[in-house]
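The following exercises are to be worked with the sequence and the structure at hand. Each task is followed by a solution in steps.

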Amino acid sequence: MAARYAIPPGLWLVFLLGFGQLRAGEPDPGLRNDLASAGGSIAVIRLAPMRRQAEIPKTLEGMRRLTGDGFLCVERGDRLVASDLGPGDYEYLVDGVLDYCVTALRQAFFDSPAGGGKVSIFVFRDHASYVDGLRRFIGMEPISPYGHYGHSQRYIVVNYETGPGTLVHELTHSLMSEDFPAAPIWLAEGMASLYEQCRAEGDVLRGDDNWRLPELKAALEAGRMVPLAKLLAMSPADFRSGRESLNYAESRYFCKFLEELGRLPGLYKNFRQRSEADPTGRKFVEAAVGKPLEAIEADWRRWLQFQYWKE
Ligand SMILES: [Zn+2]
């Protein structure tokens, strides 16, 4: 791996800075079906009354016209990127993180032939630029302090103040939604959250521990964890109900456990290929690990006790 693509571990910790417990309400459920956010223990911000969402440009010229002065626009394969980051951050994120992660994730998981057209990506340098850009370019208020992916118009918005992990989270959604649109929410959010904090090992990504762990370990100790059979069968609406941040944490750390067993890529591909046989994925998890789900859950909980994260 070229040294310039190495992702300094310290930088991923930036992901946490600047956020409190902002939970203020749930946005319109119809809109949430179209938008995958980086949600979780922080917040879902109540939507202000929606204006009509703007049409997202799918050409470099269109991105330039829309964003205007102060935004650098580039085309990278099937992605268009517009950002007001300074040159150093821009090169790190667009030429480094973005290119590396797209290649690594496609190689490991998302290998269906690309065919969905361009993904338009907006990376805003800070919270003020993010809020302003969402209003002017997309025609909406933030649904998350981090960013989101819009499925129907295939676009990503990212508040870079929350760190580069947000882009990787939403990028994972954009790649998976094309590759495995029927993926259940535990897998979609589990994998997106897994790679929001990761490191590069050769040409693959590995999820690292992150801020979602303390809530999960507290739930484990208090006997409040959602049983795996229930988590795997959850609808998006149930997943995003009261215990949303715990559902994110459980899904992330179940995917991390499967990744450490070396079973995640094989499981993902089998599941994608035959998902109509079991849309929850339970059958494929059991086949990948070679045990009934209850035994996998017991192993996973033991493994969780030894996971550690410190801010
Ligand atoms: Zn997400």
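**Exercise 1.** Determine in which sense strands E5 and E6 pair, and over how many bridges.

*Solution.* Step 1: Strand E5 covers residues 147–150 and strand E6 covers residues 155–159; they pair in the antiparallel sense over 4 bridges. Helices (H or I, at least four residues) and strands (E, at least two) are DSSP runs, numbered from the N terminus, and two strands pair if DSSP finds at least two bridges between them. This is a predicted model, in which local features need pLDDT of at least 70 and side-chain atom pairs count only at pLDDT 80 or more, while totals for chains, interfaces and linings use all residues. Residues are numbered from 1 along each chain as its sequence is written.

Step 1: Within this pair, Gly150 has Tyr155 in E6 as its bridge partner.

Step 2: From E5, Gly147 and Tyr149 point one way, His148 and Gly150 point the other way, and all are buried. A residue is buried if 20 or more other C-beta atoms lie within 10 Å of its own, exposed if 12 or fewer, and partly exposed in between, with C-beta atoms placed from the backbone. In a regular strand the side chains alternate between the two faces of the sheet.

**Exercise 2.** Which residue takes a positive phi in the hairpin of E5 and E6, and is that residue buried or exposed?

*Solution.* Step 1: The hairpin has 4 residues between the strands, and Arg154 takes the positive phi, near 50°.

Step 1: Arg154 lies in the loop between E5 and E6. Because 20 other C-beta atoms are within 10 Å, Arg154 is buried.

**Exercise 3.** Trace how strand E3 is joined to its pairing partners E2 and E4.

*Solution.* Step 1: Strand E2 (residues 72–76) pairs with E3 in the antiparallel sense over 5 bridges. Glu75 stands opposite Leu80 in E3. In this hairpin, with 2 residues between the strands, Gly77 has a positive phi near 60°.

Step 1: The pairing of E3 with strand E4 (residues 119–124) is parallel, over 5 bridges. Ser83 has Val123 in E4 as its bridge partner. From E3 the chain crosses through helix H4 (residues 87–108) to E4, and this β-α-β crossover is left-handed. A crossover is right-handed if, with the strands pointing away from the viewer, the path from the first strand over the helix to the second runs clockwise.

**Exercise 4.** How many residues of helices H11 and H6 are buried?

*Solution.* Step 1: H11 (residues 244–260) has 17 residues and reaches 24 Å from its first C-alpha to its last, close to the 24 Å expected at 1.5 Å a residue. The expected span is 1.5 Å times one less than the number of residues. Of the 17 residues, 14 are buried, so H11 is largely enclosed by the rest of the structure. Gly262, with a positive phi near 80°, follows H11.

Step 1: In H6 (residues 165–179), 13 of the 15 residues are buried, so H6 is likewise largely enclosed by the rest of the structure.

**Exercise 5.** Which residues have the most contacts inside the largest nonpolar core?

*Solution.* Step 1: A nonpolar core is a set of buried Ala, Val, Leu, Ile, Met, Phe, Trp, Tyr and Cys residues joined through C-beta atoms within 7 Å. The largest has 73 residues, and those with the most contacts inside it are Cys101, Leu105, Phe122, Val123, Ile156, Met191 and Leu267.

Step 1: Beyond its neighbours within four places in sequence, Cys101 is in contact with Val168, Leu171 and Leu205. Two residues are in contact if their C-beta atoms, placed from the backbone, lie within 7 Å.

**Exercise 6.** Where does pLDDT stay under 50?

*Solution.* Step 1: pLDDT is the predictor's confidence in each residue, from 0 to 100. The chain averages 85, and 83% of the residues score at least 70.

Step 1: The value stays under 50 over residues 1–31 and over residues 40–50. Where pLDDT is low, the predicted coordinates should not be read in detail.
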